[in-house]
Amino acid sequence: MPNRLAAKLLLVAFLAVANAGASVSLSNVAVSQREGTKLVDIFYDADNSNDDAVFVSVIVSNSTSEITDASFEGDIGNEVPEGAGLHIVWNGGADLGDELFPDLSITLQVSASGGEGMVLVPAGSNSGTDPDFGWYNLTVDAFYMDATEVTKAEWNVVAETTTTVSSGSGAGVGSSHPVQDITWVEAIKWCNARSLQDGLDACYNINNSSCNFSADGYRLPTDDEWEYAARGGMQGQRFPWGSSIAHYDANYLSEQVDYYDVSDTEGYHPDYERSSYPFTSPAGSFDPDNYGLYDMAGNVWEWCWNSIGAGKSRRGGSWASVAFYLQAGYKDDLTNVESPYTDNYYVGFRTVRNAEAGASATTNMVFDARNYTLSVVSAFGAPVPVAGATVLAWRAAVTCSVESAVNEGGTNYTCIGWTGAGSVPATGSSNAAMVVLSELASSIVWNWASDDTDLDGMDDDWETDFFGDLGQSATNDYDFDGQDNLSEYIAGTIPTNSASLFELYGEPGGEGFVVHWPGASNRTYNVYSTPDLVYINFKPLETNIAFPRSSATSAVSSAGFFRVDVSK
């Protein structure tokens with residue numbers, strides 16, 4: 001993508017609306033991608049005037065979808081102690097593809113703790129077109145919801161300590177399985193009893209089955225609340241996780257007659273089929289949706305509140321339902337089917353509470369989840385990291401280094417610097433370089449030279465090979481061929497052989513005249529031409545020719561005059 005990340009991303013956002021009157025306040029929110037990783041650090045301060053714990057959730061939005069509480073660690077979830085310097089780490093690389101996201105929205109929400117086993121479903125709207133039920137538009141205030149369906153153990157804790165709920169009502173395969181065989185009326189009675197046990201205001205008038213939605217106690221979710229929670233921030237999908245379903249997603253009856261039912265096996269879930277009904281699974285046996293809610297599809301139907309039919313409906317399907325009934329958009333309002341006093345072994349429920357006053361802050365940031373490549377090349381020695389390509393994250397800092405001296409074939413070499421492309425500076429003079437990856441493709445190449453102890457411009461090993469010692473000066477012409485020692489060193493000719501000269505010869509070739517010269521490694525050549533021998537008329541034919549090339553072609557077919565200079 002065209003956007004280039006700044007050297008450091010540090011964005012601070014405060015609550016758009018004042019926290020006046022809220023029991024929980026949020027401040028000092030800072031969000032940044034950790035350099036050299038695909039992690040995002042979220043720092044914040046939370047203050048709860050009523051309690052020492054808060055409920056914290058994070059929603060990451062990429063304009064088309066939401067990611068909530070997926071790969072988050074740290075001070076997140078229920079019962080987070082209030083205080084300063086709270087810290088959440090999001091592994092964005094695990095949740096997003098290898099892309100650049102120039103406008104990622106991260107919303108931090110903090111409220112008073114909702115109680116054990118509950119999660120916060122954030123306020124907001126979710127609208128779209130369901131593949132099977134058409135257009136929907138859901139808008140809700142924030143509320144707490146049981147993370148799992150009410151279990152048999154949880155049912156017993158309340159039912160056995162109150163006279164309003166029959167102690168013999170409610171069944172379950174085990175204490176960790178959802179309670180079932182309860183009526184809608186028994187469910188709302190249990191909600192009232194749980195509220196009173198926790199010191200909260202009861203929501204229901206059992207005599208006329210009405211609900212006080214302003215009370216702070218436990219109640220059944222409304223149809224809109226349930227569907228909003230079940231969609232988990234996803235838009236226009238059938239299920240909390242997408243548009244197809246299999247037995248690894250939920251506990252249901254697979255018929256494989258619908259193209260979105262992709263289970264490997266037909267029939268009841270093979271892990272939970274028993275000798276007798278019901279075939280429930282322990283609550284929370286499958287992955288949660290983006291709000292941290294389990295079994296929003298399958299296991300047991302869940303009693304809900306509807307504005308018609310004495311306020312009763314059920315949602316989500318069960319272990320005995322085919323995939324169609326597990327969809328978030330399917331609603332069984334039971335207007336003329338079952339009374340609120342009917343129970344069944346495939347029906348259970350979960351509860352919700354109104355969320356207490358809280359605070360939120362939204363930050364937009366650039367997040368780079370792409371892979372960056374660093375290529376390392378070294379002619380001699382042992383570079384670190386090793387020669388080759390290494391895949392790293394955005395702004396990973398890598399120290400490239402080589403040994404200060406190496407021996408290759410009896411010749412001692414010293415690193416004299418480095419060149420590179422991408423994130424690496426173009427020149428250097430150290431045998432170590434810090435590479436910070438801000439370009440997708442970067443490279444580093446180490447250059448080498450032999451030792452020059454007497455600083456005469458000629459490498460020690462070259463002088464020793466030809467002269468036996470370092471006593472020859474650069475300006476001396478050892479073989480009396482008209483080229484001094486330094487010139488022969490630079491040209492790559494033999495200083496002890498008068499026949500070894502840096503000379504040119506030419507011949508017709510191709511579309512012009514080809515000039516040849518003796519080439520040497522680690523040398524750069526510049527070729528000039530002129531139609532006469534007036535020096536000032538020499539013009540560049542070709543420059544910066546690198547070894548092993550040792551020729552250049554003139555577009556002019558006539559020979560003319562040429563000269564070549566060489567540098568090391």
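A polar contact here is a pair of N or O atoms within 3.5 Å; within protein, one must be able to donate a hydrogen and the other to accept it, and residues adjacent in sequence count only if both atoms are side-chain atoms. This is a predicted model, in which local features need pLDDT of at least 70 and side-chain atom pairs count only at pLDDT 80 or more, while totals for chains, interfaces and linings use all residues. Residues are numbered from 1 along each chain as its sequence is written, and side-chain values use heavy atoms, with hydrogens and water left out.

**Stop 1: S281**

Select S281 and N251. Their side chains make a polar contact at 3.4 Å. Is S281 buried or exposed? S281 is buried, with a relative accessible area of 0%. (Buried means under 20% relative accessible area, exposed over 50%, partly exposed in between, with a 1.4 Å probe and protein chains only.) S281 sits in the loop between α4 and β16 (301-305). Helices (H or I, at least four residues) and strands (E, at least two) are DSSP runs, numbered from the N terminus.

Now show the neighbours. Leaving out residues up to four places away in sequence, S281 touches H177, P178, N251, Y272, F286 and N299. Contact means heavy atoms within 4.5 Å.

**Stop 2: I245**

Stay in the loop between α4 and β16, where I245 also lies. I245 is buried, at 0% relative accessible area. Its contacts, again not counting residues up to four places away in sequence, are F239, A250, Y252, Y260, D261, V262, S263, A323 and L326.

**Stop 3**

Select residues 223-231, helix α4. How many of its nine residues are buried? Eight are, so the helix is mostly covered. The buried set is D223, E225, W226, E227, Y228, A229, A230 and R231. Just after α4, G232 takes a positive phi of about 55°.

Next, show what α4 lies across: β10, β13 and β19. The helix runs at about 75° to β13. Axes are lines fitted to C-alpha atoms, for helices over the stretch in contact, and angles run from 0 to 180 degrees between N-to-C directions.

These three strands form an open sheet in the order β10-β13-β19, with antiparallel pairing. The edge strands are β10 (118-121) and β19 (352-354), each pairing on one side only. The twist averages 30° from one strand to the next. Two strands pair if DSSP finds at least two bridges between them. Four bridges join β10 to β13 (residues 143-146).

**Stop 4: helix α2**

Select residues 152-159. In this helix, α2, the buried residues are K152, W155, V158 and A159. Why do they fall on the same side of α2? They cover an arc of only 130° around the axis, which puts them there. The arc is that of the directions from the helix axis to the C-beta atoms. An α-helix has 3.6 residues a turn, so residues three or four places apart point the same way. Show residues 184-197 too: the buried residues of α2 pack against this helix, α3.

**Stop 5: the five-stranded sheet**

Select β22, β21, β27, β25 and β24. In that order the five strands form an open sheet with mixed pairing. At the edges are β22 (388-392) and β24 (405-408), each pairing on one side only. The twist averages 35° from one strand to the next. Inspect β21 (residues 372-378) and β27 (residues 441-450): these strands run parallel, joined by six bridges. The bridge partner of L374 is S442, in β27.

**Stop 6: a hairpin**

Move to β28 (residues 505-509) and β29 (residues 512-516), which pair in the antiparallel sense over five bridges. Y505 has H516 of β29 as its bridge partner. Two residues lie between the strands of this hairpin, and G510 takes a positive phi near 60°.

**Stop 7: the cysteines**

A disulfide is counted as a pair of cysteine sulfur atoms within 2.5 Å. By this rule the count is zero. The sulfur of C203 is 5.2 Å from the closest cysteine sulfur, in C211, too far for a bond. C203 is buried, at 3% relative accessible area. For C415, the closest cysteine sulfur is in C400, 11 Å away and too far for a bond. C415 also counts as buried, at 9% relative accessibility.
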